[in-house]
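Subject: Structure for your files

Hello,

Here is the structure I said I would send over. My notes on helix packing and on the sheet follow below it.

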Amino acid sequence: MRWRKYFPLAEQLKDYSKNRFRFDLIAGLTVCIMLVPQGMAYALLAGVPPIYGLYAGVVPLFIYGLMSSTRQVSIGPVAVSALLVLAGVSQIAIPGSPEYIALVILAGLLIGIAQFTMGLFRLGFLVNLLSNPVIMGFTSAAAIIIGVSQLKYLFGIKVPRFEQLYETVYYVFSHLQETHWLSFAICSGAIFIMLALKKWAPAVPGALLVTIIGIVLSSYLMLESHGLIIVGDIPAGFPPFQFPEITWNKVQLLGPTILTVTIMSVVETISIGKALEIKNKQSGIRPNQELFALGASKMIGALFQAIPSSASFTRSAVNNDSGANTGLASIIAALATSLVLVFFTPLFYYLPEAILAAIVLVAIRGLFEIKGIAQLWNIDRRDFYMAIITFLATIGLGIAEGVFTGVALSLLSVLFQSSRPHIAVLGQLPNSDYFRNIKRYPEAIQHEGVLIIRFDASLFFLNATYFKDKIKKRVNRYPGKLEVLILDTSSIINIDSSGLSALRDLHRWCTDQNIELYLAGTMGPVRDSLARADLRSLIGPDHFFRHPIDAIEFAQKD
């Protein structure tokens, strides 16, 4: 039935068994254990009360479990999305204020609408707007920005809001004498415990353990009376239904935030989904369906007070390692989080905010890609510079500006590479019918009076002039010595009117030089385009060959 296409869980549950349910149950409960402390921590990072992080782990996770084409990806509050939201919405309202919270919820709704609309128009390919080097640069910068934002909790210092990152860093380190040592001890102690557990007992949920320890110590020793900041009252119960107030002015103000979170959320989710597919040797992730799932989860989630969510690499990895088989694991995690909201929120009253900061500071370690960026220096210098520029733009200009810089760099890189594709002079390998680049295969033979050139790209308006100029330049290296120019067009999969015009000009120029122009390996769609433009008859029907060897034999026969 057609509806199954939009609810992949129905297909995943075919031939479902008690054993598979057991693994989904374990995975769902394990993700919930991680989600509760992380959700509150990331909500605080986004500038809203911790309860909104728990709200984001209920309805959005439930809807995503129904609609996602992946089996192991787990969504909810994450550091990067929280930072993007804070950076954008804090320009409009004061973090933590009712107006700010309302705008964050509205942003979630609008981001969901944007992603769902992208799915309707099958725009999943737009995730490629951000290349891997750009993502490396952005996430590494985001990790630093997130880390700096948590310094006030680490040192227990009240920090004014600054526009520039360096101003915050300078203020904190120039006021270290004001450090609240109890907050520092609790935060740094929690960091030490979580890092130690990651190394020596990775199966133990470190975030949950330090949360419990922090609550017990805070309540038993009454640390609030010693200046320790605690979470305080957290509303109990299922998230209330409320439709956000939408005005055109708010939509305009939230525009940059909507765009940046939409792009990053989709990129994160599909990247994590593909990584888990490769790890599990599975297939089935559908980018457009993921847009539907992400969009619906955010739209419906916003009606139940959820802040914008995205795929979490750590929770998805735990979900996978716990044996999740289907999206039912996400639904179980959502139901378990609902139980926490209904029955257990009073337990978090004494939770120190320093513990939540420690959870964030440990989590952002995975965002640093310094080693990967350094490796780009040896792999591809252009990618290295893209990563560095994105990193510096994000640090120096801002979060949204960093994303837009990354998108612009990705597009410029594609345009540059498309406008200057690889061109190779070919020679015939001895005792074979194979032709290879003479620069890579010095033993390849070049036949007298014949030049074979391969153009490794589609021929269109962006590279048509480059095509003509480069080929003429290569031909001019053999003044008066060439009789035949063979174009190996096997790599040209498409040609537009500008490309056809360039080929026509090249044929005319070759005729003026008394050089015969042959085409070899031309694909069917390209041959059709040449025929429609009368180029096939102009060049000569007998000047088209399946393989360069056929063209050479024809030339030698003449």
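In which hand does α18 cross α19? The crossing of α18 past α19 is left-handed. Please keep in mind that this is a predicted model.

Helix packing

Helix α18 covers residues 370-379 and helix α19 covers residues 381-396. Their axes lie 6 Å apart, and the packing angle is about 150 degrees. Angles over 145 degrees count as roughly antiparallel, so α18 is roughly antiparallel to α19. On the α18 side, the contact is made by Ile373, Leu376, Trp377 and Ile379. On the α19 side, Arg381, Asp383, Phe384, Tyr385, Ala387 and Ile388 take part. By class, this contact of α18 with α19 has eight nonpolar and two charged residues, and no polar ones.

The other pair I looked at is helix α3 (residues 18-45) with helix α16 (residues 328-344). Here the axes come within 7 Å and cross at roughly 45 degrees, which makes α3 oblique to α16. The crossing of α3 and α16 is right-handed. From α3, the contact includes Phe21, Asp24, Leu25, Gly28 and Cys32. From α16, the residues in contact include Leu328, Ile332, Thr337 and Val340. The contact of α3 with α16 divides into 14 nonpolar residues, two polar and one charged.

The sheet

There is an open sheet of six strands, in the order β4-β3-β5-β6-β7-β8, and its pairing is mixed. The edge strands are β4 (435-437) and β8 (544-545), each of which pairs on one side only.

Strand β5 (residues 450-455) runs parallel to strand β6 (residues 484-488), and five bridges join the two. Within that pairing, isoleucine 452 has isoleucine 486 of β6 as its bridge partner. With β3, the direction is antiparallel: four bridges join β3 to β5. Isoleucine 423 stands opposite phenylalanine 455 in β5.

How many of the residues of β5 are buried? Six of the six are, so β5 is largely enclosed by the rest of the structure. Both faces of β5 are covered, with Val450, Ile452 and Arg454 buried on one side and Leu451, Ile453 and Phe455 buried on the other. Note that a charged residue, Arg454, is among the buried ones.

Finally, helix α25 (residues 548-557) lies across β3 (423-428), β4, β5, β6, β7 (516-520) and β8. Helix α25 runs at about 165 degrees to β6.

Regards

Technical notes
Residues numbered from 1 in each chain as written. Predicted model: local features only at pLDDT ≥ 70, side-chain atom pairs only at ≥ 80, totals over all residues. Heavy atoms only, no water. Axes fitted to C-alpha atoms, helices over the stretch in contact; angles between N-to-C directions. Parallel < 35°, antiparallel > 145°, perpendicular 65-115°, else oblique. Left-handed = near helix turned anticlockwise from the far one by under 90°. Contact = heavy atoms within 4.5 Å. Pairing = 2+ DSSP bridges. Buried < 20%, exposed > 50% of the residue type's maximum accessible area, 1.4 Å probe, protein only.
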